[in-house]
Amino acid sequence: MPAYELMSLSPNPGQTDLMSGDGTGAYLRYGSDDRVEGMPCSVTSTSGLRCDAGLTCRELCPGDRTSGRCVELCNTRSALSCTTSPARPRCLAGPEGDTIGYCGGPGLACRSLNSVVRLETVHDVTRARISGDDIDDALIVGSGSAVPGVGMGGSVRIAYGGPHNLTRLDDLDPETRRTTFVDLFASRLPGSDAALGPRTVEVGDFNGDGVSDLAVIYVLTEELRVWLGGNNLVAGEIGPRPGTSSGGRVRLNDCEGSCPSSSRCFPFSQFAVADLDADGRSDIIAMCDPDVVGLAPSLLWFSPSAE
């Protein structure tokens, strides 16, 4: 899982969820339920991993040897159980279904995550509050290739946090499902090639309205595109300046292939977002690393504008 982020996608206060991504898609594990967790162990080997004093090795999933964990046993009918485990305060029923349970508490499970979206390769995930409420939204950057900047596919998806389980979208009616996510595709600007190769997303506030906006780097066409969040479920892309065919993007290499090597910066793969001039609006900072021996790297500073 090369891409991962902790976020709060549920209205439940204090809940921490895990969104991750790899070459097969994006995955989510909600952290709202009481769970039993512990160090791995083996119930069939005396020479394998051993448990500390007071803990017992049990298979959390009966028959699955990989689910062996060191747990504290408790009695589900006793109010005195789990009093010595502040991090695991509740006695949870075990798989055997009798009175013997395991001490547990709220947290992320150490089992398989559930699929949220199937993309060939997910390069980046992060969190934001695009719709303007108090619940996190997940930003997922998927590309049509395992190698950033190679291939024609790719998209940016906003998965909106809220009361609906994002891992069970197929169970929702079509209208409800439509409000749980949106795919963002960079518009094709007049006289320009289509933006290709989305790789990384960063979150900021580019227009100073207090709502999260997002910037995405497209490594194949060496540019950044910016979308503005708002009090709706569709983020708006900053387009060309009125009356012109320019604008709507940050060109990382304006000189393209016609410049001398000393002026070229390739490849771009990372950037950062911060308010460098304290004007209440985020700026974009990209590292320019010339492909010529002896030339020092430099920082490029951009201030996207919606005007």
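Reader: How many disulfides does the structure hold?
Author: There are four disulfides in this predicted model. One of them joins Cys51 and Cys70, with the sulfur atoms 2.1 Å apart.

Reader: Where do Cys51 and Cys70 lie?
Author: Cys51 belongs to the loop between β4 (34-35) and β5 (56-59), whereas Cys70 is part of strand β6 (residues 68-71), so the link ties together parts that are 19 residues apart in sequence. The angle about the S-S bond is -85 degrees, which makes the link left-handed.

Reader: And is Cys70 buried or exposed?
Author: Cys70 is buried, at 6% relative accessibility.

Reader: What does Cys74 pair with?
Author: Cys74 is joined to Cys91 by a disulfide, S to S 2.1 Å. This pair links distant parts of the chain, with Cys74 in strand β7 (residues 73-75) and Cys91 in strand β8, 17 residues apart. With 90 degrees about the S-S bond, the link of Cys74 and Cys91 is right-handed. Cys74 is buried at 6% relative accessible area, while Cys91 counts as partly exposed at 23%.

Reader: Which cysteine forms a disulfide with Cys82?
Author: That is Cys103, and the two sulfur atoms are 2.1 Å apart. The link of Cys82 and Cys103 is left-handed, with -100 degrees about the S-S bond. Cys82 lies in the loop between β7 and β8 and Cys103 in strand β9, so parts 21 residues apart in sequence are tied together. Both Cys82 and Cys103 are buried.

Reader: How many bridges pair β1 with β2?
Author: Five bridges pair β1 with strand β2 (residues 17-22), in the antiparallel sense. Leu6 stands opposite Leu18 in β2.

Reader: What about the sheet of three strands, in what order do they come?
Author: The order there is β20-β21-β22, in an open sheet with antiparallel pairing. β20 (271-274) and β22 (298-302) form the edges, each with a single partner strand, so one side of each is left without a neighbour in the sheet. Neighbouring strands of this sheet are turned by 25 degrees on average, direction ignored. Strand β21 (residues 283-288) is joined to β22 by five bridges, and Cys288 has Ser298 in β22 as its bridge partner.

Reader: Which residues touch the most other members of the largest nonpolar core?
Author: Ile130, Ile158, Leu184, Leu214 and Trp227 do, in a core of 17 residues. β12 (137-143), β13 (155-160), β14 (181-184) and β16 each supply at least two residues of this core. Beyond its neighbours within four places in sequence, Leu184 is in contact with Ser155, Val156, Ile158, Leu214, Trp227 and Ala235. A second, separate core of 16 residues includes Met19, Leu28, Val116 and Val122.

Reader: Arg157 is in β13. Buried or exposed?
Author: Arg157 counts as buried, at 14% relative accessibility. The side chains of Arg157 and Asp183 are joined by a polar contact of 2.7 Å.

Reader: Finally, what is the phi of Glu222?
Author: Glu222 has a positive phi of about 50 degrees although it is not a glycine. Glu222 lies in the loop between β16 (213-218) and β17 (223-228) and is buried, with a relative accessible area of 10%. Ala278, in the loop between β20 and β21, also has a positive phi, near 55 degrees. Ala278 is exposed, with a relative accessible area of 69%.

How values were computed:
Residues are numbered from 1 along each chain as its sequence is written. This is a predicted model: local features need pLDDT of at least 70, side-chain atom pairs count only at pLDDT 80 or more; totals for chains, interfaces and linings use all residues. Side-chain values use heavy atoms; hydrogens and water are left out. Two strands pair if DSSP finds at least two bridges between them. Helices (H or I, at least four residues) and strands (E, at least two) are DSSP runs, numbered from the N terminus. Axes are lines fitted to C-alpha atoms, for helices over the stretch in contact, and angles run from 0 to 180 degrees between N-to-C directions. Buried means under 20% relative accessible area, exposed over 50%, partly exposed in between (1.4 Å probe, protein chains only). A nonpolar core is a set of buried Ala, Val, Leu, Ile, Met, Phe, Trp, Tyr and Cys residues joined through side-chain atoms within 4.5 Å. Contact means heavy atoms within 4.5 Å. A polar contact is a pair of N or O atoms within 3.5 Å; within protein, one must be able to donate a hydrogen and the other to accept it, and residues adjacent in sequence count only if both atoms are side-chain atoms. A disulfide is a pair of cysteine sulfur atoms within 2.5 Å.
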